[in-house]
Amino acid sequence: MQNLSLEQKHQQFDEFFMIKHNIPVNMRLLEDDFILPDIDDLHHHMPYEFQIASEISGIDTKALRPLRRLGEHAVELADFLNHQSRKIDLMMSLILQQHTKHEQTFQSLKFGGGGVVLESENELSVGATIELKLFLKEEASAIFCFAEVIACKPEDDTYHVSLIFTRIREEDQDLLVKASLHLQAAKLRKRKNQENLKKN
């Protein structure tokens, strides 16, 4: 990522679908001499709460996998375990959101698998390294990652800051892609229902 030109970073940023949607994002500007961790060491840089949430998610996946071999008899059991897992996810989401620092919390304008666009009262330098925590209420999940500022454009009295992910776990990037697609599908369904109501 560091060897890419700014133009290449913009191209990579635009490769992913992005949806206009507000999610809380905790953003912390890092020092210029901050050295990004290797992707394999990212887990060790996460706050403890994020490490626990990650382990719980991994346990859920491993626990449900053997049930697939049991056939249709396991469907009800799998549904029950999924509901239990959802309850735990909601509790962890609440705990993770309480971990945020309100003075560092921003709202996204749009997000996707490649990055996020935030609204900020302060101008940020292109190339600045940022620590991010993204909170996906709809997915009852939170993501810890690092990003880089690739654009900062004045808009009215604020700035629209584009951040490309520079260190993010593959499963977290997949989660962002799924979340953006789920939200897009929900918006399309809502629009279709509204159109049907107008016709009737």
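## The second largest pocket

In this predicted model, the lining of the second largest pocket consists of four nonpolar, three polar and four charged residues. Among the lining residues are His10, Phe13, Asp14, Lys110, Lys153, Glu155 and His160. Helix H1 (6-14) and the strands E3 (105-112), E6 (141-155) and E7 (158-167) each give two or more residues to this lining. The pocket holds about 210 Å³ of space.

In soluble globular proteins, nonpolar side chains tend to be buried together. The largest nonpolar core here has 27 residues, of which Phe111, Leu132, Leu134 and Leu163 touch the most other members. Several elements give two or more residues to this core, including strand E2 (24-29), strand E5 (129-136) and helix H5 (170-199). The greatest contribution, five residues, comes from E6.

A second, separate core has nine residues, including Leu36, Phe50, Phe135 and Phe146.

Beyond its neighbours within four places in sequence, Phe111 is in contact with residues that include Phe17, Ile23, Val116, Leu136 and Leu183.

## Salt bridges

Side chains of opposite charge can pair when their charged atoms come close. The model has four salt bridges. One of them joins the side chains of Glu148 and Lys9 at 2.8 Å, N to O. Glu148 lies in strand E6 and Lys9 in helix H1, 139 residues apart, and the pair thus links distant parts of the chain. Both Glu148 and Lys9 are buried.

Arg169, Glu171 and Asp172 form a network of salt bridges. Arg169 meets Glu171 at 3.1 Å, N to O, and Asp172 at 3.0 Å, N to O. Arg169 is buried, with a relative accessible area of 14%, and Asp172 is buried at 7%, whereas Glu171, at 46%, counts as partly exposed.

Notes. Residues numbered from 1 in each chain as written. Predicted model: local features only at pLDDT ≥ 70, side-chain atom pairs only at ≥ 80, totals over all residues. Heavy atoms only, no water. 1 Å grid on protein atoms, 1.4 Å probe; cavity = no way out; pocket = protein on both sides within 12 Å on 5 of 7 lines; lining within 4 Å. Points joined across faces, edges and corners; volume = space filled by probe spheres on them. Helix = DSSP H or I, 4+ residues; strand = E, 2+ residues; numbered from the N terminus. Nonpolar A, V, L, I, M, F, W, Y, C, P; charged D, E, K, R; others polar. Core = buried A, V, L, I, M, F, W, Y, C linked by side-chain atoms within 4.5 Å. Buried < 20%, exposed > 50% of the residue type's maximum accessible area, 1.4 Å probe, protein only. Contact = heavy atoms within 4.5 Å.
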